[in-house]
Amino acid sequence: MKAALGTPRGFVTVLLLLLLAILPLLTQAFDQRYLLSIGTRVVIWSIAAISLNMILGYGGLVSFGHAMFFGIGGYAVGILAANGITSGSIQWPVGVLAAALWAALIGALSLRTRGLYFIMITLAFAQLVYYVGAGLEAYGGDDGLNISRSRFVGLLDLRDKAAFYWLCFTLLAATLWFCGRFANSRFGLVIRGARSNDLRMTALGFPVFRYRLAAFTIAGALGGLAGILLANDGAYISPAMMSWVKSGDLIVIVVLGGMGTLFGPLYGAIAFFVLEETLKPLLDLLHKGWGEYWQIVFGPLLVLIALYARGGIDSMLGRRHG
């Protein structure tokens, strides 16, 4: 990473992180408060995309149900809040632990398969969680549930949008640091080696299944953390948080930014939300109501990137670094 700071990638990354770090100050100075809401979504979705990249980019495991961890983290916060437990010191560990335990259970079953079978099993479990959420009538069912934000007495007020944003940004920075250490550790190298040839790694004496299960569990826990932040951002939970469409969006973000790269998910999240917020008003200018179909334009753009920049946005910025 240090060697890459003098490259175009390094310059762009430092600039983006700096802009994200001071975004609340910029939005206040230019009186563009709505940009802070967009920035918060970018940061939260970046954390979720980084967690998916740990198994998709580094491990080659295409999970089409990663958004279920979003939902588990969010619903843990929402259910506890609905029952009078609003302390974040309780809610957040419970949400992360619940997502990690569910990931461990799913991983123990799905990681025994490969390819299409793995995709279908993760999708099936995600749909199971989705319909469980939709069936929780006591917590809003299909309509979702308005919740109170987590409370950290004497520390910070999550109702303050700037304070909440900086908390999310701090967690993003910690996630990037952790993922960087993960990718270059012995653990990460085994995961990356297994992506290329798991039989060879097994023959070398590495318990590949256990390594993959640990990575899947960690990715689930980070996905749960992103879900906790998402629930607090909107003070709302619903089954839509864990739909297969959201899982698809996460895959698109990782592929768009660059699979198997440290900052690729961040690039992808920024590009995804910038394009969404740009294409919607542009299409509405052409014809009222066209903005909701912005993905019709976004799709071909993604195809062009897949064809001419197979490493995603990260590859456009120069040589890749692991």
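This report walks through a few helices, a glycine and the nonpolar core of a predicted model.

## How to read the model

Because this model is predicted, local features need pLDDT of at least 70 and side-chain atom pairs count only at pLDDT 80 or more, while totals for chains, interfaces and linings use all residues. Residues are numbered from 1 along each chain as its sequence is written, and side-chain values use heavy atoms, with hydrogens and water left out.

## Two helices side by side

Let's start with helix H1 (residues 8-21) and helix H7 (residues 161-184), whose axes come within 10 Å and cross at roughly 150 degrees. Helices here are DSSP runs of H or I with at least four residues, numbered from the N terminus. Axes are lines fitted to C-alpha atoms over the stretch in contact, with angles from 0 to 180 degrees between N-to-C directions. The crossing makes H1 roughly antiparallel to H7, a label for angles over 145 degrees.

Where do they meet? Leu-17, Leu-20 and Ala-21 in H1 touch Tyr-165, Trp-166, Phe-169 and Leu-176 in H7; contact means heavy atoms within 4.5 Å.

## A hidden glycine

Gly-65 sits in the loop between helix H3 (34-56) and helix H4 (67-82). Is Gly-65 buried or exposed? Gly-65 is buried, with a relative accessible area of 0%; buried means under 20% relative accessible area (1.4 Å probe, protein chains only). Leaving aside residues up to four places away in sequence, Gly-65 touches Thr-122, Ala-126 and Ser-247.

Just after H4, Gly-84 takes a positive phi of about 85 degrees.

## The nonpolar core

The largest nonpolar core has 93 residues, and those with the most contacts inside it are Met-68, Trp-92, Trp-102, Leu-172 and Phe-216. Such a core is a set of buried Ala, Val, Leu, Ile, Met, Phe, Trp, Tyr and Cys residues joined through side-chain atoms within 4.5 Å. H3 gives the most to this core, with 14 residues.

Trp-92 has several partners beyond four places away in sequence, including Phe-152, Leu-167, Ile-228 and Asn-232.

## Helix H10 and its neighbors

Ser-247, one of the partners of Gly-65, is among the buried residues of H10, as are Asp-249 and Leu-256. The buried residues of H10 pack against H3, H4, helix H11 (264-286), helix H12 (295-308) and helix H13 (312-316). Just after H10, Gly-258 takes a positive phi of about 130 degrees.

How values were computed: Angles under 35 degrees count as roughly parallel, over 145 as roughly antiparallel, 65 to 115 as roughly perpendicular and the rest as oblique. Buried means under 20% relative accessible area, exposed over 50%, partly exposed in between (1.4 Å probe, protein chains only).
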